[in-house]
Amino acid sequence: MATITQTQKRVGIARPDLQGLVRLSRRNPALIIGIVMVTLIFLLAIFGPALAPYDPIETNYSAALQPPNADHWLGTDKFGRDIFSRILYATRVNLKIGVICVTFPFMFGVIAGCISGYYGGLVDTLLMRLVDISVAFPFYVLVISILAILGPGVRNMYIALSIVGWIAYAKLVRGEVLIAKNLEYVLAAKALGYSDLRIMASHLLPNIINSAIVFAMSDVVLCILAGSSLGFLGLGVQAPTPEWGVMIADGREYITSAPWLSFFPGLAIAIVGVSFSLLGDGLSSFLRPTDR
Amino acid sequence: MDKASYIIGRLLQMIPTVFAITVLVFLMVHLIPGDPATIMLGLKATPEKIEMLTQHLGLDKPLVVQFGIFLRNLARGDMGDSLVSRMPVFELLKRRLPLTLFLAGYAATLAILMAVPLALISALKRDSLIDQTIRAITVAFLSTPSFWVGILLLIVLGVKIPLFPVGGIGENFSQRLYYLFLPALTMALHLASILTRNLRDGIIATLASEHVVFARTKGLNERLVLLKHVIRNAIVSTLTLLGVYMSWLVGGSVIIETVFALPGVGWTMVQAITGRDYPVVQALTLTFGILVSVVYLLTDIVYSFLDPRVTL
């Protein structure tokens with residue numbers, strides 16, 4: 001019995017009904033606001049191109065560098081391209097960076113961390129050395145060094161961010177597995193003669209995955225920021241593809257005469273960043289209520 | 001275990017990491033898909049030039065021999081020449097590194113000056129409006145790209161209200177403080193947000209801890225309790241956190257220096273990557289790696305003096 005309640009506590013099972021939902025929104029407004037905002041952002045990423053009033057790439061020099069007005073809500077850039085339309089199209093580009101650069105490291109890191117923590121030995125030693133080396137480099141230095149080898153561009157940016165990203169998940173999950181593998185429910189499963197694979201997949205993982213999910217939410221913010229930073233540096237998404245970081249970089253030479261060029265794309269990143277941060281904070285207190 | 005053996009042990013731990021960093025940096029050129037010399041030359045590549053560069057960089061020798069030469073040169077402080085400016089990379093580093101370190105130190109100082117009082121207010125007035133506001137602001141800064149914050153500061157405090165210069169780095173120390181204020185502030189705002197959040201939770205934990213509760217029950221003056229028990233602890237943990245985030249701060253220079261066009265190592269690295277100047281990229285990656293390892297080492301050593309429970 002004791003084992004079951006302990007397990008339930010760790011997983012933090014909650015069964016939301018309508019009343020529960022109201023209570024939840026009062027106790028955890030960050031979660032609700034986060035879910036609503038992130039859903040809206042995903043909808044924009046899907047339907048944005050259909051809503052955009054102008055083509056994001058087509059140039060129109062007669063409309064160049066207009067401040068925000070009735071025709072161009074957020075103004076136009078030096079090629080006369082509509083900033084609002086470009087920001088809408090870029091939602092898909094930037095969100096894709098966040099999703100791809102979290103999904104693959106998440107999957108690979110969780111599996112690697114699980115194996116490493118469960119079996120220990122050589123695999124574990126190797127993983128820990130990798131962790132040591134990767135923390136010795138500042139995040140951006142490591143990413144752009146990899147880009148220096150592979151060459152700038154979107155595909156290589158995905159690779160670079162993923163190579164750097166999985167290690168944090170592996171480290172996190174390994175730590176959790178090290179604790180969990182000596183808990184009663186795992187020992188019981190072992191005593192029953194279950195295979196290692198079955199223990200890892202159906203006993204360990206469900207109990208430790210929450211920390212990785214909570215971390216993934218803050219990692220999405222990090223990846224979106226990193227993606228736009230690399231675009232800004234000219235090492236990620238390349239012009240003329242609409243991407244928020246590239247747009248901010250394009251506007252940099254006009255900060256005195258046309259500040260809206262850099263202002264609005266940055267605002268878009270900030271809104272997306274805050275939304276995912278709220279979702280992450282909300283999820284963290286929802287999934288791990290004992291932490292706070 | 002005494003302090004000396006702790007420090008020696010910690011130093012020994014650093015050796016494999018630094019060695020691995022060195023090997024990785026050495027291998028960088030060899031990991032380039034395709035022929036490195038051809039890629040480095042880019043559009044200017046002709047068979048003769050490729051041949052010359054291959055020989056110049058020693059790329060035709062066996063890998064082990066190349067690594068030996070690499071280590072020997074490194075020991076002499078010779079990191080090769082920049083392919084673009086022809087300047088010895090070591091010389092370049094000597095000129096550009098001080099600015100980056102100055103900026104990091106400046107930003108860290110500003111961040112501490114902001115974070116400690118904010119965290120204290122936030123923790124003491126827990127869950128009040130002011131606490132909520134401070135926390136909201138920290139979330140906002142952590143979710144916003146620092147290059148955008150930098151550009152906004154430039155627009156507002158450099159152009160609209162011209163309080164600070166928009167370019168240049170200043171001649172002497174006081175001028176440099178003035179010229180680098182906006183970039184340092186940009187970095188500091190992000191760092192202060194991280195520090196404030198962590199510190200606030202730390203202070204709340206300290207306030208609830210037995211020794212503070214005991215000091216209060218003893219009837220000690222509230223201000224004295226705060227000063228002697230809470231703030232001291234807070235500053236110790238800020239310094240440790242700062243050690244961890246120093247790596248982030250130095251890495252952030254890559255972006256901030258590009259925004260403000262400051263000729264530090266971060267800006268140099270971006271230039272070197274776009275210009276395929278691999279000797280410079282290698283040297284800078286190595287420098288960053290060793291710099292961070294040393295900072296971690298120093299943090300651990302300082303921390304071991306502050307907290308006697310620490311062992312290897």
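Q: Which residues touch the most other members of the largest nonpolar core?
A: This is a predicted model, where local features need pLDDT of at least 70, side-chain atom pairs count only at pLDDT 80 or more, and totals for chains, interfaces and linings use all residues. A nonpolar core here is a set of buried Ala, Val, Leu, Ile, Met, Phe, Trp, Tyr and Cys residues joined through C-beta atoms within 7 Å. Of the 154 residues in the largest core, the ones touching the most other members are Val143(A), Ile144(A), Ala107(B) and Leu191(B).

Q: Which helix gives the most to this core?
A: Helices are DSSP runs of H or I with at least four residues, strands are runs of E with at least two, and both are numbered from the N terminus. With 19 residues, the one giving the most is the helix at residues 196–233 of chain A, α9.

Q: Leaving aside neighbours within four places in sequence, what is Val143(A) in contact with?
A: Two residues are in contact if their C-beta atoms, placed from the backbone, lie within 7 Å. Leaving out those sequence neighbours, the partners of Val143(A) are Ala160(A), Leu161(A), Val164(A) and Ala226(A).

Q: Which element gives the most to the side of chain A that touches chain B?
A: Here 33 residues of chain A are in contact with 37 residues of chain B. On the chain A side, the elements giving two or more residues are α5 (121–135), α6 (139–150), α9 and α11 (260–287). The one giving the most, with eight residues, is α6(A).

Q: Are α11(B) and α13(B) roughly parallel or roughly antiparallel to each other?
A: Helix α11 (residues 222–259) and helix α13 (residues 278–306) of chain B pack at about 175°, with their axes 9 Å apart. Axes are lines fitted to C-alpha atoms, for helices over the stretch in contact, and angles run from 0 to 180 degrees between N-to-C directions. Angles under 35 degrees count as roughly parallel, over 145 as roughly antiparallel, 65 to 115 as roughly perpendicular and the rest as oblique. So α11(B) and α13(B) are roughly antiparallel.

Q: How many helices does chain B have?
A: Residues are numbered from 1 along each chain as its sequence is written, and chains are lettered from A in the order in which they are written. Read along the sequence, chain B goes α-α-α-α-α-α-α-α-α-α-α-α-α. With zero strands, the helix count for chain B is 13.

Note on methods
Buried ≥ 20, exposed ≤ 12 C-beta atoms within 10 Å, placed from the backbone.
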